[in-house]
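Hi,

Here is the structure I promised to pass on.

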Amino acid sequence: MLVFEKTFLAEEIEQLIEKYGNARSALLPILQEIQSKHRYISDYAQQEVARHLSIQPVEVYSVISFYAFLNSEPKGRNIVRVCKTISCDMKNKISIVKAIERELGIKMGETTDDNKFTIEYTNCLGLCDEGPAMGINEQVFTKLTPETAVKHLHEVVG
Amino acid sequence: MEKTKERNGKVLFSNYSLGEGVRKALSLSRDDILFEVKDSKLKGRGGAGFPVSTKWMLAAAAIAEEKYVICNADEGEPGTFKDRVLLVEYPELVFEGMIIAGYAIGAKNGIVYLRGEYEYIRKSLEDFLEQMRKDNLLGKNILNKEGFDFDIKIFLGSAAYICGEETALIESLEGNRGEARNRPPYPVNTGFNGMPTSVNNVETLGCIPHIILNGGEWYNTLGTEKSSGTKLFSVSGDCEKPDVYEWEWGITINELLEKVGAKNTKAVQVGGASGICVPKSQFDRKISYEDIPTGGSIIIFDENRDMLKVLKNFMEFFVEESCGQCTPCRIGNTKLLEGVEMIENEEYTFSYLNKLKDLGKTMQVASKCGLGQSSPNSFLSILENFKDEIFSHEAGVENGK
Amino acid sequence: MENKKNGRAPVSQKPHRIEKPEHPEQIGGSVRIQINEKELVVPLGTTILEACRDNQIHVPTLCHHDDLCIAGVCRVCVVEVENMRTLQASCAFPITAPIKINTATPMVRKARKHIIDLLLSEHYGECYSCFRNNNCELQTLAKEYGVDHYNFGHIEKPKYKVDTSSFSVVRDMDKCVLCKRCIRTCIDLQEVGVLEAVGRGDETHIGTFLDKQLSDVICINCGQCINRCPTGALRANDPRDEIWEAIDNPKKHVVIQTAPSPRAAIGEEFGLEAGHSMTGELNTAMRRIGFDKVFDTNFTADLTIMEEGTELILRLYNALVKGEDANKVPQFTSCSPGWVKYLEHFYPEYIDNLSSAKSPQQMFGAVIKTLYAQEANIDPADIVTVAVMPCSAKKFECNRPEMVDSGFKDVDYGLTTRELAQMIKETGIHLPELPKSEFDDPFGNASGAGLIFGATGGVMEAALRTVVELVTGGKVEDLFENANITPLRGFEGIRYVELPIAEVGEVPEMYKRYFDTWDWLKGATLKVAVAHGTANAKKVMEDIKAGGKFSECHFIEFMGCPGGCLGGGGQPIPTNATIRAKRAEAIYAEDEGLPIRKSHENPHIGYIYENFLTDGPCGHKSHELLHTTYTKRGEYIA
C-alpha cells in the first residue's frame, strides 16, 4: 500500500471512530463501512481499527473472518452473491450461476481480471418466495432467469 | 418500499393506524401491560416459543442503570422471510411493539439487529424512525408521557445465521464473533453490555400493539389451547403462491397446502433447515405447540424432489453456519454431512448411519446453543421418514432401470 | 466511553468466578442441591463443576482451566440437571437455585463419549509421536472413556502446516481441539493478544493476525499458552537433537547452567508432587547425561544484582543529584525476556527505563565464553553453552542478534525444564533416585538472593538485600526478620513497597569513583513495585503513563509470566495456582537454608570483580560484556 493511500485510510478510519466511538461495540459498523467502500478490509485498516478500539489486530481479523459479508482479502468492486439455500436451489439457481460464470468468464469464488466483479455463493437471503435470488453489493434481485441475472450485472456497472 | 399486496389476517395483517398501540399502552400502567401480555399467552415467534410475558417480567424486575429492548431481525432460517415482509410493510407494528416493551420493562434503548442481507431495507426503516421521532412516538416524553423516553437504533449484521440466537446476537452487537454465551445467566438479567435485555423476534413485537389494543384475552381466543393467536408462515418451494400468510395456530398441513396451491406434495419441511420434514402420511398434523411448533418456515417439496439432495443442502448450510465453538455442533454437523455424502456415493453402512443418528441425538442435548441442538432434526427426520426413497435409490441396475 | 480494554470474555461469563457471597453461611448465601442423590449445601454462584470437585465427584473437563475464564465450549463436562431439556456444561453453570444434578446418567455418558470420539476424529497424528504422550488431556479422556477405535473415522492427512517459525513456540494446529485455552491465556490472562479463533463452522481454527506465522506477529514468547494447552498443539521449539549432537561430539565442551525455577519443578516430570527442590539430584543427572560442566545460573543472578543494583544507584544519583535523565527512573528489571519483548512492542517509548543489564542467562553465556574459556584454557569456539530455563522466551533471547558479546553466540541453546526432563529420561535415569552433587567451580557458589529470582518479587528482594546494605551499611536482618522481605512475596498481581532510608553508611570502595557520600539518599524513601504476568505489567505501565503512583517508583520488577519464572512457559505441565505456590515455597525454603543469601556477599562475585571486571560494576568492561541494548519494535505488524 502506498503511503498516501495509508494516510487517506487512516483519516477515513478516524472519521469512523468519530462517528461510532471507540467502544468495542463500534467494531462491526466501522468494519461494515470500510467493507462497503473498499470491498475488503486491508491489514493496515484492521490494525488501525484495532489501535483505536484498544484491541488487538487478531481480534479484528477474527471478527472479520466470522462474518460472511466481511472480507480481509481484496475483492472485485462489485460483489455478486447468489443464494444457494434450499428454496432458491429448487428454483434452479444453478442455471443462474452457470450463466453468470459464462458471462464473466470466471468461476464462483473468483474475481474478474478487470476487478469489476467477484462472484460467490451466499446462504439464505430471505427471498425464498421470489427465488432464485441474488445480491449485488447492497441491492437484491429476485425471480431471476439466466438472462435477467446477466442483465442486472451489466446494469450495475453501467 | 411500500405495501405491494393486500394482505389479510386476524392480527398482524389486520387494520392498524400508526400510534394506536403506543397511545393505548401509555394510558395503562406497566403492570397492566405485563398482565395483558400474560393473558395473551403470546410465545416467542422466532421458533423457541418462550413465553413473552415471562421474559418481560424478568427484565422488568431486574434492577439496573440501563435496560435494552432488542428486536431480533436476523431471520436466517432457510425458508423464512416473514420478518422482511413485516419490516417492509408493517414497520409501525414492530417499532411500536418495541416502544411498548421498553415502557413495560423500563428500558430507554431499543436496538433492531437487522440481518446484513436486509441492508436494502435499512434506509426505509431509518426514515420511518425519523418520522416517528417527529410524531413524538420516539424520543423524550413520548406522546407527552412525562418521563418516558425511548429511542430505537438500527444495527446491521454481517451475514451469520447464528446471530439469530439471542446471546450470539448480543455478542455480535458488542463487536464480537457471534458465538452463543453460556446460560445462565440469561439476557433478561445479563444481556447487552451486561445489562438486562429483552430480545424479541420481529413478529413477536409486531403482535404486541394489537394485543394491547384488543386485550390479551381476545388474542388468546385465537389459535388452539396451548398455541394462542396467529402465526406468520413463510411459504416457499413447490407451490403456486409462495408468500407470507397469517393463519391461526392449529392449521393442518393439508389445509395449508390447499391454500397455497401446492400439488403432488411429497413432503413439507416445517421450521426450516432446523425443523422437521413431514411426509405425506402425516399431512393431517397440526401446526401448533401441541403438535408441530415452528418459527413459520414452510418449504414444500413435490414428488419430483430428491429428499437426499434436500438434506444435503441443509447439512451444508449447518456446517458453514455453525459458529464453530462447541464440539458437538462444529464436528457433529460435519459428520452428519459426511453421512449424507456416504449415502449419495453408496458408501454407507446402516450400522454407521445408526451411529450418526445416535450422534444426532447427542448433538440435540449437548450442543451449547439452539443451532447445534436443532441442526440434526432434518437429518433424523428425513432419514426416518424417507428411508424407502433414499435407500432404494441405488438398486437401479438390478431393477434394470 | 465504554472501552473493554481489560478483558474480552463475554460479560455474562465473568461474574461466575468472583461474585460469590462473602458469608455463604448467612441466610441466602447458600443453596441446597443434590448431586447424584447426595444432599449438599454450596455457596450461591458455585459452578456445578466446583461443587462436584469440592465433594470428590469426578467430572471430566477439557476446555476448563483453573487459571482462565470460563469457555464452556468443549462440552465434555456436561451433566444432567433435572427439569432441563438439554445437558448443561458443569464448568459454566452457576448454581443459583436448588437443583438436582446427575453426573453419570446414560445420556451424559453417551454424550461425553460422542464428544471425545468427535475430537479424536479430527485429531491428526499418533500419540507415540507426540511430546505430550502420557501427559495429554485428550489422551486421558480417551482412556477414561475406553476409546479403542475411531467411531467416526480419523483424519488421515494433516490440514495445517506446523509453524516452526518462532524460536520459542511451535504450533501444530492439527492437534488442536479448539478448547480456546491458548486464546484465553493470550488475550485474557496475559493481555498480549496474538491468538484468536479464526473462521467459522468447520473452518474454525486458532489463528494469528491474517494467519501469519508466529514469528511475524507480536508474540512475546512467554509460552503460557503451551503450559495450558491440553494436547500437543503447542510446544516449545525443542533443541534436544542439537544438544545431544554436541554432547556426543568429543571436540565440544558442553556447559550447562540451570536457572532456579527448573530445580523447583522438575520433580513433577518424574511423578513427584509440586514443591520438591531437586538441585543436587539434577546436578548429578546433568553430569550423567554428559554435560562437561554444570553451573548455577544463580551465580550470574548475583552478578545481575551487582550490575542492576549499581545501575539503579547511578540512575538515582544522576536524577536526584545531577538532575540528568530523570525519565530513566523508575528503572525496570530486564531479566524476563517475555517482559522485555512485551515492552519493546507495546511501550517502546519506555525502553530507556529497562535496565541495560543482561539477564542472568545471557551474562552467564558471555562469562563462560570469555572468562571461563580463558581460565580453563579452552577455545571458546569449542564451547557449547546450554541454559536450562523455566522459560520459552529464553530461546528467543539467546537468539537475539545482539547477544554475541563474547565474540560468539553467548548462549547456544535455551532448554526448558520439560526438555531437560526428557533428556534425563532418555538417559535412563529416574531423577528422584539419584545421589546429590554440587555445582562445578568456579561458578559453583551462588547466594540465596540469586535463587529467589525464580519467584515473582525475588529479583526485587535480592536487589534490596544488596542495595540496602550497601547504602545504609547496616544489615537487612535489622529491617526484615531473617532477611526475608515478605512484603515483596506472594502472588498478588502488583505489589508496592516503600522503604525509608533513615541512616546512610560509608560509600563502598567500588562506588567511590562516582561519589563519596550517600548523603543524597539520607531521609529518602525508596519506592519499589513488583508485577508479574504481562496483564499486571500493563496495568502498571498504564499507571506510569498516566503519571500515577508507579511513576514515582524508583525500581520496578516485571516478570512476563504469572508467578514469575516458576510459572514460566518452559515448566512442567500442568500449572495452576496451587502448583505455582508450592514451587515458590520450595524456592524460599532452599534460600533460607543457604549460608550466603546476599549477592554482594558471594565470594565468587568478589573474585570476578577483582580479577576480571576490574573497573567494577557498570564499569567499562562489564558494559561491554554484561549489558545490552533494546529495540523499539512497536505494535505494527508488517
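This is a predicted model: local features need pLDDT of at least 70, side-chain atom pairs count only at pLDDT 80 or more; totals for chains, interfaces and linings use all residues.

**A serine in chain C**

Start with S392(C), which sits in the loop between β13 (383-389) and α13 (393-397) of chain C. Is it buried or exposed? S392(C) counts as buried because its relative accessible area is 0%, and the cut-off for buried is under 20%. Leaving out residues up to four places away in sequence, its contacts are S168(C), N221(C), C222(C), G223(C), I226(C), G569(C) and G570(C).

**A sheet in chain C**

Chain C also has an open sheet of 5 strands, in the order β2-β1-β5-β3-β4, with mixed pairing. Its edge strands are β2 (38-43) and β4 (88-89), each pairing on one side only. If you trace β1 (residues 30-35), you will see it run antiparallel to β2(C), with 6 bridges between the two. One pair to click on is S30(C) and its bridge partner P43(C) in β2(C). Helix α3 (residues 106-121) of chain C packs on this sheet and touches β3 (78-81) and β5 (100-102), at about 160° to the direction of β3(C).

**A sheet in chain B**

Chain B has an open, mixed sheet of 5 strands too, ordered β6-β5-β9-β7-β8. Here β6 (243-248) and β8 (276-279) are the edges. On average, neighbouring strands are turned by 30° against each other, direction ignored. Strands β7 (residues 265-270) and β9 (residues 297-302) of chain B run antiparallel and are joined by 5 bridges; Q269(B) stands opposite I299(B) there. Two helices to look at on this sheet are α4 (residues 82-89), which touches β5 (230-237) and β6 of chain B, and α15 (residues 376-385), which touches β7 and β8 of chain B. The direction of α4 makes about 115° with that of β5(B), while α15 makes about 20° with β8(B).

**The second largest pocket**

The second largest pocket holds about 1000 Å³ of space. It is lined by 45 residues, and the closest to its centre are Y20(A), P29(A), I154(B), F155(B) and L156(B). Which element gives the largest share of the lining? That is β3(B), with 6 residues.

Cheers

Notes
Residues are numbered from 1 along each chain as its sequence is written. Chains are lettered from A and ligands numbered from 1 in the order in which they are written. Side-chain values use heavy atoms; hydrogens and water are left out. Helices (H or I, at least four residues) and strands (E, at least two) are DSSP runs, numbered from the N terminus. Buried means under 20% relative accessible area, exposed over 50%, partly exposed in between (1.4 Å probe, protein chains only). Contact means heavy atoms within 4.5 Å. Two strands pair if DSSP finds at least two bridges between them. Axes are lines fitted to C-alpha atoms, for helices over the stretch in contact, and angles run from 0 to 180 degrees between N-to-C directions. On a 1 Å grid over the protein atoms alone, a cavity is a set of points where a 1.4 Å probe fits but cannot get out, and a pocket is an open set with protein on both sides within 12 Å along at least five of seven lines; lining residues have an atom within 4 Å of a point. Grid points are joined across faces, edges and corners, and a volume is the space filled by probe spheres set on the points.
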